[in-house]
Amino acid sequence: MDILRDKVKPLYFRYLAAASGSALVVSVFGLIDAMMVGKYHGPAGNAALAIFNPVWSIVYSIGLLAGIGGSVLFANYRGGGKEQTAQEYFTVSIGYGLVLSALAMIGIGLFNEPMFRFFGADDELLVLSKKYLAPIFFAIPCCVFSNILSAYLRNDGNPTLATKAVIIGGVFNAFGDYFLVFTMNMGIFGAGLTTAIGLYISDGIMLTHFLGKKNTLHFVKPASVLRKVRLITITGFSTAINDLALGITGILFNRQIMTYFGPDALAVYGIITQISPFAQSLAYGAGQAAQPIISQNFGAGQIDRILECLKYGLRTCVVFGLLWLAATTLKPNVFVYIFMKPTPEVLKIAPGILRTYGISYLLMPFNLFSTYFFQAVMKPKISMMISLSRGVMISGTLILLLPLIAGADSIWFAMLITEIIVSVYAAGNMVRSVGVLKADNHHVSR
């Protein structure tokens with residue numbers, strides 16, 4: 001595949017198929033775990049996974065920080081013909097990922113109990129959360145590098161390998177979960193063990209890229225390492241905070257739900273914590289499909305190709321938004337039965353919660369896609385503002401204040417209001433950026 005010369009439409013949709021698959025890596029594992037754990041432990045199992053979910057967000061976001069940040073710069077410099085600099089960014093981002101993985105393992109290893117307490121765990125949920133963590137702890141680097149490797153595979157013309165990796169890892173996880181959770185009667189620990197092994201399998205498959213003829217990535221001695229780390233961090237921060245936002249809002253929701261509603265509502269929110277990463281991963285797919293195309297063509301000054309790719313990306317966001325809106329509002333209790341053996345209390349409250357929260361999925365794909373677009377055209381400050389507003393500032397404020405202002409039930413509208421506000425800001429900046437790109441293209445053509 002030639003990102004600078006092949007037709008944009010088939011190129012984008014080929015990348016979309018591959019990127020959506022690779023972006024689902026953690027979501028697939030988490031989804032299967034939730035189904036098995038919910039059936040084995042009941043609502044308490046789903047509540048425990050809701051407590052654990054911020055850990056996934058933290059670890060996953062670290063991989064996005066180093067992987068997306070480095071690969072955007074890699075693609076931009078490669079598009080501009082600066083191959084040595086591109087390879088330096090690849091080298092630095094791999095080293096950066098190793099350092100971040102080590103720091104994550106140290107922090108989670110030393111402070112997991114107070115961390116789970118802070119995330120909202122009571123005594124029962126603490127025990128279950130720690131059992132799930134025990135095997136996954138040793139796969140933390142694999143989770144980090146699943147994002148780094150898939151990002152570079154996309155930018156090195158081999159996006160389908162990442163998709164194959166997640167499919168094989170996911171199939172193993174599905175069969176392994178059933179065997180360990182039920183046949184071996186290991187419960188939530190068995191789900192964690194299968195997930196850890198599945199991550200090792202997926203990463204192992206992606207590493208075969210470096211043995212093949214398609215590989216153009218290689219390690220070089222980088223100059224100005226700290227400066228490159230800083231630029232990778234700035235460029236990748238907005239994407240990382242998108243995923244970290246699931247963890248941050250998850251912590252706030254957990255604590256508020258336990259304060260105002262109790263374990264049954266937290267069990268329903270546990271279902272949302274499984275749906276949201278899945279929906280968000282598809283939105284990542286649209287952004288990650290467009291990013292290498294837009295980045296390299298931006299570096300090469302090919303504005304028409306950027307605008308064409310943007311068109312397909314926005315159409316994809318509309319389709320994904322409508323898909324998830326329909327899925328969560330038409331038959332909400334289907335998700336309840338998929339993820340747990342529900343009690344009558346859970347079945348009573350679940351439809352209202354899922355339908356209200358689910359409306360936010362209509363705008364979520366566009367907001368996430370916009371962060372990738374602004375990264376790719378080298379506007380990281382706008383991308384960062386979108387991510388921070390959506391993930392921390394607006395959403396966090398609403399989760400904390402809405403129950404005080406409008407009653408406890410209003411908390412389920414927090415993400416919808418957030419997505420509306422952020423989409424207005426993102427759309428305004430996107431229109432202005434497209435106008436600048438068109439003006440620059442017209443000036444160059446003259």
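## One side of helix H12

Let's start with helix H12, which spans residues 332-339. Its buried residues are Pro332, Phe335, Val336 and Phe339; buried means under 20% relative accessible area, exposed means over 50%, and partly exposed is in between (1.4 Å probe, protein chains only). These four residues sit on the same side of H12, because they cover an arc of only 105 degrees around the axis. The arc is taken from the directions that run from the helix axis to the C-beta atoms. Helices here are DSSP runs (H or I, at least four residues), as strands are (E, at least two), and the numbering starts at the N terminus.

A word on the model itself: it is predicted, so local features need pLDDT of at least 70 and side-chain atom pairs count only at pLDDT 80 or more, while totals for chains, interfaces and linings use all residues. Residues are numbered from 1 along each chain as its sequence is written, and side-chain values use heavy atoms, with hydrogens and water left out.

## Two loop residues with positive phi

Asn185 isn't a glycine, yet it has a positive phi of about 60 degrees. You'll find Asn185 in the loop between helix H7 (159-183) and helix H8 (187-207). With 53% relative accessibility, Asn185 counts as exposed.

Ser224 is another non-glycine residue with a positive phi, near 50 degrees. Look for Ser224 in the loop between H8 and helix H9 (225-260). Its relative accessibility is 47%, so Ser224 counts as partly exposed.

## Aromatic rings that pair up

How many aromatic pairs does the count come to? The count is 24. Here, rings of Phe, Tyr and Trp (its six-membered ring) pair if their centres lie within 6.5 Å; planes under 30 degrees apart count as stacked, over 60 as edge-to-face and the rest as tilted. One of these pairs is Tyr40 with Phe182, an edge-to-face pair at 5.9 Å centre to centre with 65 degrees between the planes. This pair links distant parts of the chain, as Tyr40 is in helix H2 (residues 25-41) and Phe182 is in helix H7, 142 residues apart. Tyr40 is partly exposed at 30% relative accessible area, and Phe182 is partly exposed at 29%.

Phe52 and Tyr132 form an edge-to-face pair too, with 4.7 Å centre to centre and 85 degrees between the planes. Phe52 lies in helix H3 (residues 43-79) and Tyr132 in helix H5 (residues 123-136), so this pair ties together parts that are 80 residues apart in sequence. Phe52 is buried, with a relative accessible area of 1%, and Tyr132 is buried with a value of 1%. Both belong to a cluster that ring pairs build from Phe52, Trp56, Phe116, Phe118, Phe119 and Tyr132.

## A charge over a ring

Tyr89 has a charged neighbour: the charged end of Lys228 sits over its ring, 5.3 Å from the ring centre. To count, NZ of Lys or CZ of Arg has to be within 6 Å of the ring centre and within 35 degrees of the ring normal.

## The second largest cavity

The model has five cavities of 30 Å³ or more. A cavity is a set of points on a 1 Å grid over the protein atoms alone where a 1.4 Å probe fits but cannot get out, and lining residues have an atom within 4 Å of a point. Grid points are joined across faces, edges and corners, and a volume is the space filled by probe spheres set on the points. The second largest cavity has a volume of about 160 Å³.

Which residues lie nearest the centre of the second largest cavity? They are Leu246, Thr249, Ser276, Tyr357 and Met415, out of 19 lining residues. H9, helix H10 (263-300), helix H15 (380-406) and helix H16 (414-445) each supply at least two residues of this lining, and the largest share, six residues, comes from H10. By class, the lining has nine nonpolar, eight polar and two charged residues. Ala, Val, Leu, Ile, Met, Phe, Trp, Tyr, Cys and Pro count as nonpolar, Asp, Glu, Lys and Arg as charged, and the others, Gly among them, as polar.

## Sequence distance and space

His41 is found in helix H2 and is partly exposed at 28% relative accessibility. His41 and Met340 are 299 residues apart along the chain, and their C-alpha atoms are separated by 8.2 Å.

Key
On a 1 Å grid over the protein atoms alone, a cavity is a set of points where a 1.4 Å probe fits but cannot get out, and a pocket is an open set with protein on both sides within 12 Å along at least five of seven lines; lining residues have an atom within 4 Å of a point.
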